[in-house]
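Me: Please go through the model shown below with me, one question at a time.

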Amino acid sequence: MKPEYHLIEKYNIPVPRYTSYPPANFFVNEFGNSEYIQAIETSNHEWPENISIYIHIPFCPKICHYCGCNTHLTRDTNKMRVYVDAVKKEIVMVKKYLDPNRKVSQVHWGGGTPNSLPVEMITEIMDVIHHNFSFIANPEIAIECHPAMLDNIYIENLVKSGFNRFSLGIQDFDEKVLDNVNRDAPVIPVEELVAMIRSYENTSVNLDFIYGLPFQDVNSFSETMEHAARISPDRLVTFSYAHIPWIKKAQKILEVRGLPQATEKLAMFEAAYKILTQNGYKAIGLDHYAKTSDDLYIAMKNRTLHRNFQGYCTRETTGQVYAFGATGISQMESAYAQNAKDTNLYVQEISKGNFFIEKGYSLSKIEKIIKHVINEIMCNHFVSWSEAANKFGVSETEVKNTVSFDENTLSEFVSDGLIKFEAGEIEVTDLGKFFVRNIAASFDPNLKNALQKFSKSL
């Protein structure tokens, strides 16, 4: 289903991505080390009981112009050495505040470029995790990898360390696009890398792409998607490029080289959707695709899909997130806590035995209700007022008042064919999935008075 141009014009406005609620730019500096320790202890008595571990590796051998992540340009293994030692120490520091009966259901490595580290350093950190925690029967242990820095020996060592999901940051198969965003193309063809990974039992492969970059158009991106479908990974992600030059000044380079307009970006999205769904994939949430046998699709079909800063996850792998490394964001039921961004200062403080929380946020019960409603819209494309009321022990009326629900306010979404009201539920239509961020934002009371800036929805 293709949105009409007037809807694109109407809804292409800045709104949060809602990887958290409230979004990270609402975090406050008053939340520090002592608040973090208290939040960890409180989390032992909250749902979900499982633990999700996030390891942030900020290092990159070169910086891609589109990058919105917290990265550090280096190839210096001495800097990596002291950083890895600090991460290992931080894991042990956090562990003493966690209930030892809780189990790890998910480990996710992100960056930066995690596989810019010598693989032996990755093994060291994984050994610390395995030594200090117990795991559920089938945990997801995932790592984001730059395909230009992978080979068979590196993959073999990652598998030996317990990794069972590999996310390869392809971005585009067109080398002209990669050259213009300062990203190296893979040395080993992606097809061969995927085959190497799949040669090991119980491993899965994600391929990640970005649309909205210079020199991309609907024809070139369609070729990339067709190439991806032939490789047939377990999951694919098509991220919409988020242009935030007021935060990431290096992105201004891309303005000079020419960014596609919103209509062209949407055409790329539609082309990807068509190609992937015709090749056996199902759209998951905002930007993910999975095969019908995949746990993510099954969870979405059962309306049990969840989301955190690391992406979508199932109820089985959902855990409260405890993050390690500079800039890492812990995502507990009642609080968020972000480590300081300065890598050197992070290492110094952790080496002294101190946490180094730069900012965070404590959620009220009201904000937890809003978070739940927005997550349901973003992940499962529906919200049930009775389910939300039962979850928080309040009335349906209180839930609706909390999110400023008003049928008249939502009437535009209804008339535009984006949502429909069912018995005690709101359901996002297939057309509405293109504008799910806008729909979610309508349940965010904070957004009405927000001064923060966000990327556009399309």
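**Questions on the model**

Me: In which helix does Lys88 lie?
Reply: This is a predicted model, in which local features need pLDDT of at least 70 and side-chain atom pairs count only at pLDDT 80 or more, while totals for chains, interfaces and linings use all residues. Residues are numbered from 1 along each chain as its sequence is written, and side-chain values use heavy atoms, with hydrogens and water left out. Helices (H or I, at least four residues) and strands (E, at least two) are DSSP runs numbered from the N terminus. On that numbering, Lys88 belongs to helix H3.

Me: Is Lys88 buried or exposed?
Reply: Buried means under 20% relative accessible area and exposed over 50%, with partly exposed in between (1.4 Å probe, protein chains only). Lys88 has a relative accessible area of 19%, so Lys88 counts as buried.

Me: Which residues does Lys88 touch, not counting those up to four places away in sequence?
Reply: Contact is taken as heavy atoms within 4.5 Å. With residues up to four places away in sequence left out, the residues that Lys88 touches are Arg81, Glu124, Ile125 and Val128.

Me: Which residue forms a salt bridge with Arg198?
Reply: Arg198 is partly exposed, with a relative accessible area of 35%. The closest N and O atoms of the pair are 3.6 Å apart, and the partner of Arg198 is Asp234. The pair links distant parts of the chain, 36 residues apart, since Arg198 lies in helix H7 and the loop between helix H8 (218-231) and strand S8 (235-240) holds its partner, Asp234.

Me: How many residues apart in sequence are the parts tied together by Asp184 and Lys62?
Reply: Asp184 and Lys62 form a salt bridge whose closest N and O atoms are 3.0 Å apart. Asp184 lies in the loop between helix H6 (175-180) and helix H7 (190-198), and Lys62 in the loop between strand S2 (59-60) and strand S3 (72-73), so the parts that the pair ties together are separated in sequence by 122 residues.

Me: On which side of H12 do the buried residues lie, and how wide an arc do they cover?
Reply: In helix H12 (residues 343-351), the residues Thr343, Tyr346, Val347 and Ile350 are buried. Their arc, which is that of the directions from the helix axis to the C-beta atoms, puts them on the same side of H12, because it spans only 95 degrees.

Me: What is included in the cover over the buried residues of H12?
Reply: At the start of this helix, a side-chain oxygen of Asp342 reaches to within 3.0 Å of the backbone nitrogen of Asn344. Just after H12, Gly353 takes a positive phi of about 90 degrees. The cover over the buried residues of H12 includes S2, S3, H3, strand S13 (320-324) and strand S15 (335-339).

Me: How many residues of H13 are buried?
Reply: Helix H13 (residues 365-380) reaches 22 Å from its first C-alpha to its last, close to the expected 22 Å, a span that is 1.5 Å times one less than the number of residues. Just after H13, His381 takes a positive phi of about 60 degrees. H13 is largely enclosed by the rest of the structure, because the buried residues number 13 of the 16.

Me: Which residues of the largest nonpolar core touch the most other members?
Reply: A nonpolar core is a set of buried Ala, Val, Leu, Ile, Met, Phe, Trp, Tyr and Cys residues joined through side-chain atoms within 4.5 Å. Of the 124 residues in the largest one, those that touch the most other members are Ile55, Trp109, Ile129, Phe166, Leu168 and Phe443.

Me: Which residues is Phe239 in contact with, leaving aside its neighbours within four places in sequence?
Reply: Phe239 is found in strand S8, and at 31% relative accessibility Phe239 counts as partly exposed. With neighbours within four places in sequence left aside, the contacts of Phe239 are Asp208, Phe209, Ile210, Tyr211 and Asp287.

Key:
Salt bridge = Lys/Arg side-chain N within 4 Å of Asp/Glu carboxyl O. Polar contact = N/O pair within 3.5 Å; in protein donor to acceptor, adjacent residues only side chain to side chain.
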